[in-house]
Amino acid sequence: MQGYIIDVKSVRDDDLIVTILAQEHIYTTYRFYGARHSNINVGYKIDFETESNLKSTISRLKDVIQLGFNWILNHEKLYCWQRFIKLFYPHLKDVELIDEFYFNLLDELAHNMIKQNAKRAIIQSYIKLLEFEGRLHTEYICLLCDEEIQSEISLVRSFHPAHPDCTYSKRFTKNKIDELFKDKSLISFEDDEIDYIWNILL
């Protein structure tokens, strides 16, 4: 089966606890240290098998093959990708069965990043994630004062809209946020605005 590594923890003697997001399941597995083993890192897509053991509550990870991306040697794209992937572990912690949406979202994002700017592609995917989870607030009610936002909008954590005067943070026109939330497009956003939104996402 295939999946994305969303967390790696070192344990005794260089062994690893590896958490993998597969199509409909999140696996927490144990990998024994071995010189002949392929590299394991957060964000890697792998083909793998698990082996259950009656003496342990955690399955053993085996037969790992890394499935590379076209852009894997692009350090900037890999860095952004890994920062985003790391957000999945705390978000999905303690979940085992999962909707295939998450796996498919990462598949689509990995493909889009071949030609697209990494931060722009990831922000668009994050909007899709918020929408899927019912956390995309397109009604534009200020998170802090509960009043409707008429014109300029600030974004806070999880892209909650707020009045700029309530947050004392960067202002965006309502049209731009409409474009982002409803069209999943960032074509009107400047690079400095993308960096700002990227920092909110993280």
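Modeller: The protein chain exposes about 11,300 Å². Carbon and sulfur atoms supply 46% of that area. The method is Shrake-Rupley with a 1.4 Å probe, and for residues only the protein chains shown count as cover.

Colleague: What are the ground rules?

Modeller: This is a predicted model: local features need pLDDT of at least 70, side-chain atom pairs count only at pLDDT 80 or more, and totals for chains, interfaces and linings use all residues. Residues are numbered from 1 along each chain as its sequence is written, and side-chain values use heavy atoms, with hydrogens and water left out.

Colleague: Why is T19 called buried?

Modeller: Buried means under 20% relative accessible area, exposed means over 50%, and partly exposed lies in between (1.4 Å probe, protein chains only). T19 has 4% relative accessibility, so T19 counts as buried. Of the 202 residues of the protein chain, 45% count as buried.

Colleague: What is T19 in contact with, leaving aside its neighbours within four places in sequence?

Modeller: Y4, I5, I6, D7, I26, Y27, T28 and Y89. Contact means heavy atoms within 4.5 Å. T19 itself is found in strand 2.

Colleague: What makes a run a strand or a helix?

Modeller: Both are DSSP runs, numbered from the N terminus: helices are H or I with at least four residues, strands are E with at least two. The protein chain has seven helices and seven strands.

Colleague: How do you know that the span of helix 3 is close to the expected one?

Modeller: The expected span is 1.5 Å times one less than the number of residues. Helix 3 (residues 101-112) has twelve residues, and 16 Å is expected. From first C-alpha to last, helix 3 reaches 16 Å.

Colleague: Which residues of helix 3 are buried?

Modeller: F101, Y102, F103, L105, L106, L109 and A110. They pack against several elements, among them strand 1 (2-10), helix 1 (75-86) and helix 4 (118-132).

Colleague: Is C142 buried or exposed?

Modeller: Buried, because its relative accessible area is 1%. C145, at 32%, is therefore partly exposed.
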